[in-house]
Amino acid sequence: MEYFALLADGFLRIWRLDVLLVMLAAIPFGLIFGIVPGLSGLSALAILLPFTYGMEPLPGLALLLAAHAVVYTGGSVTAIVLGIPGSPPNAATVLDGYPMARNGLGGRAIGAALASSGLGGLFGVLVLVAVLPVLEPIVLLFGSPETFLLAVMGITFIAVVGEGTVEKGLIAGLLGIFLALFGYQPVTSVPRFYFDSDYLLDGFRIIPLALGLFAIPEIVGLSVKGRSVAQRGDAHVRFSQVVEGVVAVFRHPLLFLKSSAIGAVVGVVPGVGGETAPFVAYAAAKQSSRTPETFGSGEIEGVIAPESANNAKEGGALVPTLAFGIPGSAGMAILLGGFLILGLEPGPEFMREHMDLGVGLAMVLAFANVAAAAVMILFAPWIARITFLRGHVLAPLLLAVVVLGTFASKNNPMDVVYVFVFGALGYVMKILGYSRAPLILGFVLTGAMETYLHISIRTYGLFFFTRPISLIIIALLVLGLGWPFFKRLFARWRRT
Amino acid sequence: MKFDRALCFATVIVTALMFNSSAGAADAAEFYRGKTLLFMTPGSPGGGYDTYMREIIPLLEKKTGVTVLPVNEPGGGHLLAVNKTYAAAPDGLTILLTDGEASLLGQLLDAPGARYDLLKMNWIGRVNSEKRVILFTKSSPYKTIVEAAKGSTPLKFGTTGKTDATNIGATLTSHALGIKASIVTGYKGSREFVRAAIQGEVNAICLSESSSKRFSKGGRLTPVTVLARERSELFPDVATIFEQFKLSDDQAWYFDYHEAFAEIGRSIVSGPGVPAERVAYLRKVFAEILNDAEFKKHMAKKRRPISYADAAKLDKSAKAVLGSVSGARKKEIRHIIMDKYFQ
Amino acid sequence: MRRLEIIFPALLIAFVLLVVGAGVFYYQYSFTVMRFPYVSGGLLILLAGWRIRNALAAPSSPADGSRAETESETAAIAPPPEESAREVLLTGLWLLGILPAVWIFGYPAGIPLYLMAYFRGHGERWAVSIALSLVALAVTYFVFILMLKVRLPVLPLGFS
């Protein structure tokens with residue numbers, strides 16, 4: 001009961017003029033960083049962070065959190081309209097969102113993506129609020145072996161995510177894993193395969209990789225024929241089309257809940273990297289679908305699943321951040337910096353003393369998610385019209401944005417060169433029917449897999465996976481992978 | 001006649017030199033006004049290095065009239081930022097708040113990817129250096145470091161990476177005291193191995209004094225010793241390693257060497273070849289900023305204490321770590337830090 | 001098309017062999033360092049080899065299985081047969097042109113100049129070309145350089 005009083009209090013807390021003003025400034029900022037390919041949530045946070053010096057805790061953190069929370073909402077729109085992930089995790093949304101846009105259904109896809117983003121974000125907040133009083137034991141359930149196994153679980157989906165044959169999906173995923181092995185290996189401090197280049201000391205970077213793979217092939221396509229993205233449909237996208245998309249989310253309540261739950265859980269486990277959540281949700285949706293073969297050709301479920309997971313994971317990622325000061329996603333690491341700048345030290349003691357602040361942050365997250373989705377839905381018909389722009393106009397403009405965004409992400413001109421290198425790879429993969437999403441998935445998970453396997457073996461020995469939670473994860477893994485098989489078995493058993 | 005001419009010439013030169021040196025400082029101040037200065041750090045946004053850098057920037061801008069561009073350049077085990085500073089144009093417009101331990105070790109062990117020579121770089125001043133503290137967890141088989149030195153059950157240290165300060169302290173201590181240790185690398189930062197320590201994955205950590213203070217609060221981590229000749233001000237009750245053991249000269253060498261390592265701490269440095277008067281000017285400016293009583297109080301309140309040291313002292317420490325050891329010693333240190341406890 | 005079906009996996013195999021070979025023979029990394037490269041690289045070589053075998057075994061008409069896959073896939077903007085190799089190569093060169101443009105003229109000048117050249121080269125009207133280039137100049141300068149403080153090289157030849 002006391003906790004509910006605290007929640008109500010937290011809810012009232014954000015209705016302060018300064019907090020509201022800060023959020024109103026942060027939300028468009030975050031959205032723009034999501035929409036522009038290359039500029040990601042990390043850059044948004046890094047740029048906003050210095051502004052928090054000298055601010056009060058709640059407005060300071062609201063600035064960071066609100067901007068970060070809505071980045072993926074903005075990124076989903078770019079993924080659908082242009083086939084380019086606005087930020088790397090939106091790559092899963094490209095799979096079905098972009099084909100929808102090409103079929104002239106961009107408005108509907110955007111509506112579905114925005115609605116599931118906003119609602120997924122709310123779901124994440126609910127999870128956070130539910131576990132706030134018991135943060136610590138929840139995080140302590142997940143040690144290094146569990147982190148490793150969850151990373152493995154994510155990796156197994158490379159065969160399922162995306163289109164094309166399983167064989168080609170596996171090749172793409174393995175290539176992603178292999179590319180992630182360049183650069184500094186944390187456990188041995190060896191700059192692996194760095195070939196005497198300062199650039200490779202840190203390995204390949206996700207932004208040039210994701211943009212090269214997805215953006216360059218689309219830009220080439222637009223430029224060769226000079227045709228627009230949408231090849232069917234009416235350029236005057238009506239608002240009703242967007243609303244249809246929003247309604248579609250409510251027509252798939254189970255899918256939405258499942259995907260959001262996946263997002264929140266992946267977010268809670270630090271180390272796996274929230275970037276994985278949308279891919280896992282997509283793969284799960286495809287596997288449990290009655291018509292998995294239609295995924296990849298413009299299935300609205302393929303938009304709802306990754307986008308709800310994408311925003312739900314941020315609520316989950318706040319859990320370890322608040323409980324132990326261990327960031328649950330890359331963005332949370334910078335948010336944590338914000339806490340320290342404001343003189344706050346997240347951790348068990350912190351939650352006992354500043355529960356009200358935790359609740360306040362949950363409310364900020366909720367508000368930002370809903371407000372961002374609402375704003376974007378209003379603009380959606382106009383944004384969708386971009387898909388009807390002539391290719392010869394759109395292609396060079398996109399190229400300029402990609403070049404600027406990539407440079408800005410790290411201030412490194414080499415990144416721009418690598419966009420073209422990976423662009424050539426992406427183009428070849430595209431025309432040969434190798435799906436590019438598994439490559440990204442393999443790339444983002446490899447670091448966690450390698451590091452936590454090493455730690456697990458050194459701390460618990462070779463049989464580290466016999467811990468109870470580990471066994472549960474393994475069971476889920478087997479169930480997930482064998483699902484189509486079990487389904488058939490079950491059907492046969494019912495028939496006899 | 002000839003002598004006269006020579007004398008005249010000499011006088012001109014001497015006056016010119018004198019004038020130049022007194023004008024040098026003014027020239028340097030003039031040079032920096034209105035320019036853009038790159039201030040690099042290997043720390044990520046929001047971390048310790050970043051906080052120090054961002055707190056210094058407004059003071060630096062006010063004092064010199066430069067526009068400071070903060071640059072976070074993490075990665076390469078904190079070596080990338082040193083590489084970049086070393087390779088920057090020698091105009092004094094690039095400075096680095098460096099990770100002393102990592103950059104010294106990178107050079108000492110000739111780490112792949114380390115492309116710099118600290119002995120050629122220009123030290124500006126130290127922002128902060130901290131003593132190292134060893135902490136045990138509740139799950140540790142030992143209560144004190146003396147027990148651990150005698151015991152046969154291996155002590156499991158958690159560290160971030162091999163070239164990280166957390167690992168240097170753990171390995172040198174284990175070697176000097178003959179502790180049976182096994183070291184687990186790969187944790188992302190001190191907070192993550194605090195999580196691991198609470199879960200019992202590891203049972204010992206070596207941290208800076210301010211971090212130790214932070215994480216020992218809940219009573220789940222116990223500071224057992226300070227790796228220094230003097231006690232830590234933050235832990236007046238924790239005995240130093242020199243108090244707890246009767247160390248032989250050889251054993252003491254490792255701890256003194258480790259302290260010299262830690263001595264550089266978080267220091268400001270600029271690349272080689274920067275004109276002397278600009279270096280002198282930067283040194284003067286930073287000495288003023290870092291000795292300002294109000295700023296020190298402000299930082300102490302944020303639990304980011306300032307402990308200034310001048311360039312001469314830093315130069316001495318760097319030479320002590322890099323110049324004083326023989327080839328055989330280097331090989332031994334490499335073995336201790338990089339291999340011995342990772343079998 | 002069919003040749004590329006074989007060349008691409010072959011290139012992947014060569015790439016993996018080169019990198020792993022460098023790790024083993026040149027850098028002489030320990031097993032802990034090479035564990036993951038061995039496993040992922042090994043599997044990659046096996047699968048790519050299998051892929052080559054299948055591609056060689058498949059009938060050579062372009063309407064074979066691999067084409068059908070491409071169709072169901074993100075459905076390339078213009079499906080491959082329409083894009084002749086020459087067209088793609090030419091487009092690629094046009095796009096790559098942005099690199100020398102920003103390097104030679106710096107970003108604020110290079111990007112609008114590149115856009116101008118591209119638009120005019122593809123038959124856009126002068127008015128459209130100039131207007132869009134000016135917008136790009138404004139965005140580059142005001143958003144990226146002034147607001148976001150990105151250290152874009154402003155001057156020619158990489159000088160900032």
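I count a residue as buried if 20 or more other C-beta atoms lie within 10 Å of its own, exposed if 12 or fewer, and partly exposed in between, with C-beta atoms placed from the backbone. The model is predicted: local features need pLDDT of at least 70, side-chain atom pairs count only at pLDDT 80 or more, and totals for chains, interfaces and linings use all residues. Residues are numbered from 1 along each chain as its sequence is written, and chains are lettered from A and ligands numbered from 1 in the order in which they are written.

**Helix α14 of chain A**

I took helices (H or I, at least four residues) and strands (E, at least two) as DSSP runs, numbered from the N terminus. I looked up the buried residues of α14(A) and found, among them, A:L255, A:F256, A:I262 and A:V268. The buried residues of α14(A) pack against α7 (106-131), α8 (135-140), α13 (239-251), α15 (277-288) and α16 (301-324) of chain A. Next I checked the helix length.

**Chain A against chain C**

I call two residues in contact if their C-beta atoms, placed from the backbone, lie within 7 Å. This contact takes 51 residues from chain A and 56 residues from chain C. On the chain A side, α20(A) gives the most, with 10 residues. I sorted residues by class: Ala, Val, Leu, Ile, Met, Phe, Trp, Tyr, Cys and Pro as nonpolar, Asp, Glu, Lys and Arg as charged, and the others, Gly among them, as polar. The side of chain A that touches chain C has 30 nonpolar, 13 polar and eight charged residues.

**Chain B**

I noted 14 helices and 10 strands in chain B. Buried residues make up 50% of its 343 residues. I compared the radius of gyration, taken over C-alpha atoms, with the globule rule of 2.2 Å times the number of residues to the power 0.38. A compact globule of 343 residues would have a value near 20 Å; chain B has 23 Å, which agrees.

Domain bounds come from an automatic or database domain assignment. For chain B I read domain 1 (31-128 + 265-329) and domain 2 (132-261). Their C-alpha centres lie 27 Å apart. I found 12 residues of domain 1 of chain B in contact with eight residues of domain 2 of chain B. On the domain 1 side, α4(B) gives the most, with five residues.
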